[in-house]
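The sequence and the model are shown first, and the description follows.

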Amino acid sequence: MSTATAPPTSGLPAPNLAGTVGAPAPRVGGAERVTGEQQFLADIHLEGLLTVKLVTLDCARARIGAIDTAAARAMPGVVDVITAADLPDPMPRFGPVFADRPILAVGETKYHGEPVAAVVAVDRDTAEQAARAVLVEHEVLPAVLSVATALADDAPLVQEPQLRHKDPLAGTNVLKERRYGWGDVDAQTADLIVENTYTFPMVTHFAIEPHGAIAVADDDGGLTFYSPVQHPYLLQKLMADLFELSLTKVHVLAPDPGGGFGGKQNPKFEPLLAILARRTGRPCRLVLTLEETFQAVRRAAADIHVRTGFTGNGRLVFHDIRSNYLLGAYADIAERVVAKGNYLACGPYRVPAARIRARAVLSHTTPSCAFRGFGTPQINWAVESQLDEGARRLGLDGLTIRLRNLVAKGEDVVPGDVPADGHWEQTVRAAADAVGWHTPLPPGRGRGIACGIKSGATTGLSYSTVRYLYDGSVLVYAGTSDMGQGARTIFAQMAADQLGAPLAKVRVVSGDTSLVPFDLQTSASRSTVFMGNAILRACQDIRTQIGQMAADLYRLDPTQVTVATGTVHLPDREVPLLEVMQRFLGRLRGEVIGNGVYRKRDMPDHPLGGDPAFYEFNCTAFEVEVDRETGEILLHKHVTAGDVGKAINPLQVESQDEGAAIMGLGHSMMEHILLDDNGRIRNLGALDYRIPTTKDVALDLHAVMIENEDGPGPYGAKGVSEGALLCTAPALAAAVTDATGVVIRDLPLTPERVWTHLQLANSEPDRDPGGSDA
Amino acid sequence: MTTSTATGTTTTVRVTVNGDAREVSVAAYRPLLDVLRDDLGLTGSKECCAVGECGACTVIVDGRSVNSCLMLAGEADGCQITTVEGLGAHHGRLNPLQAAFLECGAVQCGFCIPGMVVSAQHLLDTNPRPTVEEVREGLSGNLCRCAGYNRIVAAVLATADAGHRDDTDDIDTEIAPEAVAGTVDQ
């Protein structure tokens, strides 16, 4: 259903929608996946491949003493053992923003699982035995493991101050503090003030494919990497910088990740592997265990304190937010996570005044990194929960208070920034209808609803080359990482549509920096818009060239020729695109090559370095029942509604939205990384860390797509895939409160936690759950 | 078959994998998953948790679905094994369940899919008309982080439904639309 006309897509002719766009075209690479033929990183065989195993300590922070590698070196089949002593001094460091991560720990380990040494052997068993034989003298040191301990006056510093030149915060564990806001919070008067602290746990990505990479030292001094990395060109650049090579000497081959979710965006062990490949003269492969993968990546945890003012009829007056995100030992992209998530802390509402102080706090834990939602689930948990408390105190329901405050399309979200780009009320009402908000609630159940908003990419650059071959088949070169979202499929659909080619004749090439032109990265739900538009422009380039061919062939003025998708329109007739090309090229054959670039430039004065290309807006609603004896939450209905613009492939969009919705159940209900006093992760691996299974899905899970074709992407598309987990937690908690009366401000809502709150409520029925009336 | 082979000793394992007789000589402590992947070149089955919790390594051994990461290769001596590579109705084609996975949108990143498809096929082979609850229970040992569960369940139910209405293995069998979970609202 379209309630708005399609916006101009960079001056292109209106696309022909009779093609595969908008249809559930079969997934490119799907058949290979159901037959087991798909080659993931660990399936790749190279001649002479050696296996690498990391040596780590059983604590978070330790002073590293002598490392005895003699026994390991002496084992048959061990080819090399490396420690920091074998690397340059000062230790080379890398990272996507801050070059802080050492190739191997030097002096001190900073998190549980940080590699202190590495062994290389002819097979995995030998490598594992040899790793166990490496003896590392060490002294366990007190570790900073929480926001409170990180900010204490006598807290040990996670990062050496000399690594943070000219940083006024270098003597603290605060990596950065961001301040956002507008209006004058202190001058506001509110009828009701609600003030609470919320916590969000450490959780880990748990892609089913553990992390891994292969490095090969090329004969010409260059390096080749096989890595299921979401950002192949960033890996290329960082390795070129680190090893002082030109980009032509660094070749990244990126097999499709078996799940990324942000955890596979940035390099981690590739530098170590490159060094080992050069030392041994053979390809070196590291594949982490699942436990090692948990130690490598996670989402930032958060402690968020919010003071919110409301008018008597539920309008927001102000938000005063102190947001502390607990990062790990190295920055990775985590500071950006804090900035981006908290910039939109106030959500999709009219808020007259806001003060947001967001801090990225370092700790001796796994480096937190990008993770689907990129900082929004944490802050949203707090701010949406505040809305629900305001609603309860004012006698409103969760839907009413949100509709009362929701911005309309074109209204400011953050004053002076990109306004709301969708009819979000439509999405909210669709979610409410789908969950049956206005129908009688069966006894013993509760309902909750929440909204979430995330900024799409704020800058970006994608190139695509499309080759229209002599037989009408099409090659699309697009550097997006296809990690399950189905990027290749929609690119094929678009190219087929734009050139009037059968979908079966379109092939997408990706995952090779030597063949495929530059793409900035795969993140922020950007690729439908950025790479999609680049592909559209490449196809337009082809049509323009073929239009000129037609003018030449038929002796017409170019102004007399127009080219639609698949067809050339001459004054007196129409000729298929393919026929014009074949006639023009003639006996020698050949092809037509089109190039397209889509760029969103930096805005240096913008707090995020650029404004949002689009917003991902989601509304999630639940109907639940709570077992008071066990604290278990039964999900009767789970609805997710997203403002998607246009679903290029509806089946894939629904799959992603359902998937994100279920992933959101993870941090909402069951997932948390547990540390002991030495910062050792206690629940490594699948036995002790629980993610949703088939049995955790709601009895009725329903994904709704609102398509108003009002996005900046092809056919009016916006980015999708993150929306459905932005507000899972507050919607669920609101439903639990509705069902039981208890208010919970800490995640996850495990049965134990819910049960404990129920017991407390029973024993102290008059206890004020928090907040005050002004 | 003996389970008391000393660690470090090599054992000969004779198995029939996907209909082919294979024989390998491996260290006695090697898991079946490793031998399938590294020695027999069948990389379809995946390694993830290595503790029998995620199901990515699921294969069929003598008619039972097993986590091949938890089984020693030596324990499979003399057994018939089916891996994901052996599911296709004919070499290179998709069986009805595999086709349904694609049509129902059950495949995303694909890493869990080999184990998932093997588990699901085994479920249908032993329970041709499962209820939704039985499918969820039967696949609860296969983790999918892309969380395509709704569509995976729909694919299994669609295959069961089609199989009941039409007893052939034809992959053109129509998938009943009401079996596909989720609807598109605009």
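How many aromatic pairs does a search of the whole structure find over all chains? The search finds 12, where rings of Phe, Tyr and Trp (its six-membered ring) pair if their centres lie within 6.5 Å, and planes under 30 degrees apart count as stacked, over 60 as edge-to-face and the rest as tilted. The rings of A:Phe40 and B:Phe111 are edge-to-face, because their planes stand at 80° with the centres 4.9 Å apart. This pair crosses between chains: A:Phe40 belongs to the loop between α1 (30-35) and β1 (50-55) of chain A, and B:Phe111 to the loop between α2 (96-103) and α3 (113-126) of chain B. Both A:Phe40 and B:Phe111 are buried, a term for under 20% relative accessible area, with exposed meaning over 50% and partly exposed in between (1.4 Å probe, protein chains only).

The model is predicted, so local features need pLDDT of at least 70 and side-chain atom pairs count only at pLDDT 80 or more, whereas totals for chains, interfaces and linings use all residues. Residues are numbered from 1 along each chain as its sequence is written, chains are lettered from A and ligands numbered from 1 in the order in which they are written, and side-chain values use heavy atoms, leaving out hydrogens and water.

A further pair lies within chain A. The rings of A:Tyr198 and A:Trp381 have planes at 80° and centres 6.1 Å apart, so this pair is edge-to-face. A:Tyr198 is in strand β10 (residues 192-200) of chain A and A:Trp381 in helix α9 (residues 376-394) of chain A, so the pair ties together parts 183 residues apart in sequence. Helices (H or I, at least four residues) and strands (E, at least two) are DSSP runs, numbered from the N terminus. A:Tyr198 counts as buried at 1% relative accessibility, and A:Trp381 counts as buried at 0%.

| Pair | Centre distance | Plane angle |
|---|---|---|
| A:Phe40 and B:Phe111 | 4.9 Å | 80° |
| A:Tyr198 and A:Trp381 | 6.1 Å | 80° |

Chain A has 17 helices and 28 strands. In strand β26 (residues 615-626) of chain A, 11 of the 12 residues are buried, so the strand is largely enclosed by the rest of the structure. Strand β18 (residues 445-455) of chain A runs antiparallel to β26(A) and is joined to it by 11 bridges; two strands pair if DSSP finds at least two bridges between them. A:Ser455 has A:Tyr615 in β26(A) as its bridge partner. Strand β27 (residues 633-643) of chain A also pairs with β26(A) in the antiparallel sense, over nine bridges, and A:Gly642 in β27(A) stands opposite A:Asn618. The hairpin of β26(A) and β27(A) has six residues between the strands, and A:Gly631 takes a positive phi near 80° there.

Another part of chain A is an open sheet of seven strands with mixed pairing, in the order β3-β7-β1-β14-β11-β12-β13. Its edge strands, β3 (78-83) and β13 (250-253) of chain A, each pair on one side only. Strand β12 (residues 223-226) of chain A runs parallel to β13(A), with four bridges joining them, and A:Tyr226 has A:Leu253 in β13(A) as its bridge partner.

Of the 774 residues of chain A, 63% count as buried.
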